[in-house]
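Have the sequence and the 3D view side by side.

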Amino acid sequence: MLSEAQKEHEMVSEESGGGGEGGRGCGRSCLSKCCLRQGAKLLLYCFSKIDEDLCLPVPKVQPRVSFLDRLLEEWDDRKVRGLFHHDIAACETKVLPGKHNFIIVLIEGRDLKKRPTEFRIDEVLQPFDGDKFNFTKIGQEELIFRFEESSNGKAGYFQSAPIMSSSSPNIIAINVSPIAHGHVLLIPRILDFLPQRIDCQSFLLAMYMVKAARNPYFRMGYNSLGAFATINHLHFQGYYLEVKFPVEKAPTQIIATVGSGVNVAELLEYPVRGLVFEGGKNMLDLSDTVSSACIFLQESNRPFNVLFSECGKRIFLLLQCYAMKQAHGKVSPEILETRVNPACWELGGHFALKRRKDFDEASEEGICKFLAQVALSEQEFQLVKESILKSLSGGPAGKKNTGEML
Ligand SMILES: [Zn+2]
């Protein structure tokens, strides 16, 4: 909370003579305890839980610089500093003609520079492994700001607020291999070394972030293990893209109302099968409902992707089985050759392609064919859908499933 942070700020200022960047730690200025808890002072954005929960209209007194403006400004600064693997603004982008208008961007050789996936693809829940890459190993220059709840109900920025020695900050950092402007990662409680696994509290934090952006073109996403998360350290992603996503345009049909009025709808006429959640008494209701569905899926060993859309008012829960099909040799060689890993963005209709040929020859038909390989079959989706709904209404299928993925 800020009041404590301010107290701490005064203490740290006295100790260090009020200046400098802390100057202690391992010397690499990293995001581990060694450097974070030794007087590191980082830009902090405090979000207001009160504003967001009550779904108030945009307050009269806005923070002077909005959350999203500042995020993009800081992101552009990291670009000037040369921290990205490629210049996304210089990458060719096009919207494909057709019914869905898939968006494609050409980033040649993207995955060659990406960190390799270092865990099993057939288990959605895996313990955190300290020997593998995690986000505490990145440098502080990749950090955009900390993202914490305001203690006085007011949103805003605090330049170089120090970190309490006991706290585990929520971090927003750049994605060094971006697929759109402002592509960032949200790493909840970074020093707690949480594995890639949804919990209600972290899911709600992502909801606060997408809401704080106050712009429907800033979306957030989540990939479970087995659905193309590449790092087993809890993180969400977000970026700014000024175009409607194909999945956002797909028609839906309400199939149930759960909790305190959260509507669950099924996606229609879209090549990926999934559910859309909206409504409810407030944001917390919606957040708790979707995170419960995610927790049910991960405990059932079902890979899934989440897309936070419309400032957190519509949440897509998309199901896929591509990694297992791939592992069982059930994907055609032409599709494998494209090396497209379908994560939340691809399922939503925004594709980063790695080969000039695929970009030039891309068509709606080709993308639909690819997504048909990614999606669950109609029959399987119906079974999963029923078990999700039962789990949300507290039915007997709400607990453990068989754990089979295919
Ligand atoms: Zn360090």
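A residue is buried if 20 or more other C-beta atoms lie within 10 Å of its own, exposed if 12 or fewer, and partly exposed in between; C-beta atoms are placed from the backbone. Phe193 has 16 such atoms within 10 Å, so Phe193 is partly exposed. This is a predicted model: local features need pLDDT of at least 70, side-chain atom pairs count only at pLDDT 80 or more, and totals for chains, interfaces and linings use all residues. Residues are numbered from 1 along each chain as its sequence is written.

Where is Phe193? Phe193 sits in the loop between β7 (181–187) and α6 (200–212). Helices (H or I, at least four residues) and strands (E, at least two) are DSSP runs, numbered from the N terminus.

Now find the sheet. It is open, with 12 strands in the order β5-β1-β4-β6-β7-β9-β8-β13-β14-β12-β11-β10 and mixed pairing. Two strands pair if DSSP finds at least two bridges between them. β5 (156–162) and β10 (252–258) stand at the edges, each with a single partner strand, so one side of each has no neighbour in the sheet. Six bridges join β10 to β11 (residues 262–267), and the two run antiparallel. Val258 has Val262 in β11 as its bridge partner.

Turn to helix α8 (residues 283–299). Of its 17 residues, 12 are buried, so α8 is largely enclosed by the rest of the structure. Among them are Met283, Leu286, Val290 and Phe296. After α8 comes Asn301, whose phi is positive, near 60°.
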